[in-house]
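Work through the exercises below with the model open. Try each task before reading its solution.

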Amino acid sequence: MARLIRTATRTLFSSFSSSTSSLLQTRNAITSSFLFQSPRPYSADNKITKSPFEANILRIIDKEIDYQSEYAPPYQPETRFHSFTVEDRSGEQWMIMRGKYDDIEDVKLEVTMFDGYVTVPKLGDDASGEDVRLHISFIVDVSKGDGGENLEFLCSAWPDRLEIQKVYLLRGEKMPGRPYMGPDFRKLNKELQKRLREYLEARGVNDELSFFLHDYMLNKDRIELIQWLGKVKSFVEK
């Protein structure tokens, strides 16, 4: 499934001119305390003597962790959203949500971290410049639990709305190397588009979910950054 997400998102967002990593570096709202604990400051009393270069790296990392802790401390990730359970993938760039519909359908979402963005004009009479709108890709997998075909939706989560990009059928885990992903959703009959949106909304996949995913991934982005800083610090301290 991860391979399918990568293939689909490369197709959908190849027009993005800049990578997400460069965007995230420009955002100041990134992170907090490492694993929700106070950082251990570097001390000159450490038994292992560090070179001035290594000592400087450790001081910078500690300063960065302290700054992020005060600026935007992360919170414990949510484990539920309405009828869905949320399974974080610590150290990875995605998470899973699972739910049930009408006791006979299993609904699974596989959600990436931010994987793209677009720029839009700022709103307001006195506004100037551009705002950035982050993008999240996710797949909705609806199965009947009988080992037969799964109905899958490739979706985009924007800060304020959800968009369907593709709808296709797969037979269990036996996915061909280059599966037919169906036509562009926007080219489908308008009435069919409306009914497919209602199909997802009935299963809890709606604009409110998009808002939740953005809030969740902003927090996860902060957590992952602090974990990374802590791992680099531990390596240098050895």
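**Exercise 1. Aromatic pairs**

How many aromatic pairs does the structure hold?

Solution. Start with the ground rules. This is a predicted model, in which local features need pLDDT of at least 70 and side-chain atom pairs count only at pLDDT 80 or more, while totals for chains, interfaces and linings use all residues. Residues are numbered from 1 along each chain as its sequence is written, and side-chain values use heavy atoms, with hydrogens and water left out.

Now apply the ring criterion. Rings of Phe, Tyr and Trp (its six-membered ring) pair if their centres lie within 6.5 Å; planes under 30 degrees apart are stacked, over 60 edge-to-face, and the rest tilted. The structure holds 4 such pairs. Take Tyr 67 and Tyr 71: their ring centres are 5.6 Å apart and their planes meet at 15°, so this pair is stacked.

Then check exposure. Buried means under 20% relative accessible area, exposed over 50%, and partly exposed in between (1.4 Å probe, protein chains only). Tyr 67 has 41% relative accessibility, so it counts as partly exposed. Tyr 71, with 43%, is also partly exposed.

**Exercise 2. A second ring pair**

Classify the pair formed by Phe 212 and Tyr 216, then find its setting.

Solution. The ring centres of Phe 212 and Tyr 216 lie 5.9 Å apart, with planes at 45°, so the pair is tilted. Both residues sit in helix 5 (residues 207-237), 4 residues apart, about one helical turn. Phe 212 and Tyr 216 are buried.

**Exercise 3. A charge over rings**

Over which ring does the charged end of Arg 203 sit at 3.5 Å from the centre?

Solution. At 3.5 Å, the ring is that of Tyr 199. The charged end of Arg 203 also sits over the ring of Tyr 101, 4.0 Å from its centre.

**Exercise 4. The sheet**

In what order do the 7 strands form the sheet?

Solution. Two strands pair if DSSP finds at least two bridges between them. The sheet is open, its order is 1-2-3-4-5-6-7, and its pairing is antiparallel. Strand 1 (80-81) and strand 7 stand at the edges with a single partner strand each, so one side of each has no neighbour in the sheet.

Now go through some of the pairings.

- Strand 2 (residues 84-88) and strand 3 (residues 94-101) share 4 antiparallel bridges. Glu 87 has Ile 96 of strand 3 as its bridge partner.
- Strand 5 (residues 130-143) and strand 6 run antiparallel, joined by 7 bridges. Asp 141 is bridged to Glu 152 in strand 6. Their hairpin has 5 residues between the strands, and there Gly 145 takes a positive phi near 75°.
- Strand 6 (residues 149-157) and strand 7 are antiparallel over 9 bridges. A hairpin of 4 residues joins them. Leu 154 has Lys 166 of strand 7 as its bridge partner, and Glu 149 stands opposite Arg 171 in strand 7.

**Exercise 5. Cover**

Solution. Strand 7 (residues 162-171) is mostly covered, with 7 of its 10 residues buried.

**Exercise 6. The whole chain**

Which pattern does the chain follow along the sequence?

Solution. Count elements: 5 helices and 7 strands. Their pattern is α-α-α-β-β-β-β-β-β-β-α-α. Next, burial: 42% of the 238 residues are buried. Last, contacts (heavy atoms within 4.5 Å). Of the contacts with a separation of 6 or more, 59% come from residues 24 or more positions apart.

Terms used. Helix = DSSP H or I, 4+ residues; strand = E, 2+ residues; numbered from the N terminus. Lys NZ or Arg CZ within 6 Å of the ring centre and 35° of its normal.
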